[in-house]
Amino acid sequence: MTTRPPMQPLGLGHLNHPVIDHAHDDRIGILRAIAPDVKANAPSLVIGIPDTPPVAWLAPETGGLEWTTDPDAIEAAK
């Protein structure tokens with residue numbers, strides 16, 4: 001069994017999940033969610049699940065603008 005370091009609580013039930021994004025020059029970010037990408041021209045109120053493939057939503061470690069990437073392009077940071 002692999003022992004992992006304890007996750008850092010971020011509040012509201014969220015945990016700190018640092019990952020490496022190989023699709024963006026091995027940039028390190030915090031995994032926020034894996035969810036469908038809502039297109040920019042979609043209505044602001046989404047009442048159903050968008051018919052788009054899921055993307056990983058990442059945030060910079062020090063805060064800032066989030067970005068999306070292919071979920072297959074990320075792996076847990078050590």
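Visitor: Let's start with Asp25: buried or exposed?
Guide: Asp25 is exposed, with a relative accessible area of 77%. Keep in mind that this is a predicted model.

Visitor: Where does Asp25 sit?
Guide: Asp25 lies in the loop between strand E3 (18–21) and E4. Its phi is near 55 degrees, which is positive in a residue other than glycine.

Visitor: And what about phi of Asp26?
Guide: Asp26 has a positive phi too, about 60 degrees, although it is not a glycine. For background, most residues other than glycine have a negative phi. Asp26 is in the loop between E3 and E4, and at 44% relative accessibility it counts as partly exposed.

Visitor: OK, zooming out. What's the secondary structure?
Guide: Zero helices and seven strands. Along the sequence the pattern reads β-β-β-β-β-β-β.

Visitor: How many bridges join E4 to E5?
Guide: Seven, between E4 (residues 27–36) and E5 (residues 54–60), and the two run antiparallel. Gly29 has Pro60 in E5 as its bridge partner, and Ala33 stands opposite Trp57 in E5.

Visitor: What's on the E6 side of E5?
Guide: Three bridges join E5 to E6, again antiparallel. There, Leu58 stands opposite Trp67 in E6. E5 and E6 form a hairpin with six residues between them, and Gly63 in the turn has a positive phi of about 95 degrees.

Visitor: Why call E5 largely enclosed?
Guide: Because five of the seven residues of E5 are buried, the rest of the structure largely encloses that strand. Buried here is under 20% relative accessible area.

Visitor: Which residues make up the largest nonpolar core?
Guide: Five residues: Val19, Ala56, Leu58, Trp67 and Ile74.

Visitor: Leu58 keeps coming up. What is it in contact with?
Guide: Leaving aside neighbours within four places in sequence, Leu58 is in contact with Val19, Asp21, Ile30, Leu31, Glu66, Trp67, Thr69 and Ile74.

Visitor: Switching to charges, how many salt bridges does a search of the whole structure find?
Guide: One. Arg32 pairs with Glu66, and their closest N and O atoms are 3.9 Å apart. The pair links distant parts of the chain, with Arg32 in strand E4 and Glu66 in the loop between E5 and E6, 34 residues apart.

Visitor: What relative accessible area do Arg32 and Glu66 have?
Guide: Arg32 is at 40%, so it is partly exposed. Glu66 is partly exposed as well, at 39%.

Visitor: Last topic, the overall numbers. What share of the residues is buried?
Guide: Buried residues make up 21% of the 78 in the protein. The accessible surface comes to about 6200 Å², and 59% of that belongs to carbon and sulfur atoms.

Visitor: And what share of contacts is between residues 24 or more positions apart?
Guide: Among contacts with a separation of 6 or more, residues 24 or more positions apart account for 40%.

Note on methods:
Residues are numbered from 1 along each chain as its sequence is written. This is a predicted model: local features need pLDDT of at least 70, side-chain atom pairs count only at pLDDT 80 or more; totals for chains, interfaces and linings use all residues. Side-chain values use heavy atoms; hydrogens and water are left out. Two strands pair if DSSP finds at least two bridges between them. Helices (H or I, at least four residues) and strands (E, at least two) are DSSP runs, numbered from the N terminus. A nonpolar core is a set of buried Ala, Val, Leu, Ile, Met, Phe, Trp, Tyr and Cys residues joined through side-chain atoms within 4.5 Å. Buried means under 20% relative accessible area, exposed over 50%, partly exposed in between (1.4 Å probe, protein chains only). Contact means heavy atoms within 4.5 Å. Accessible areas come from the Shrake-Rupley method with a 1.4 Å probe; for residues, only the protein chains shown count as cover. A salt bridge is a side-chain nitrogen of Lys or Arg within 4 Å of a carboxyl oxygen of Asp or Glu.
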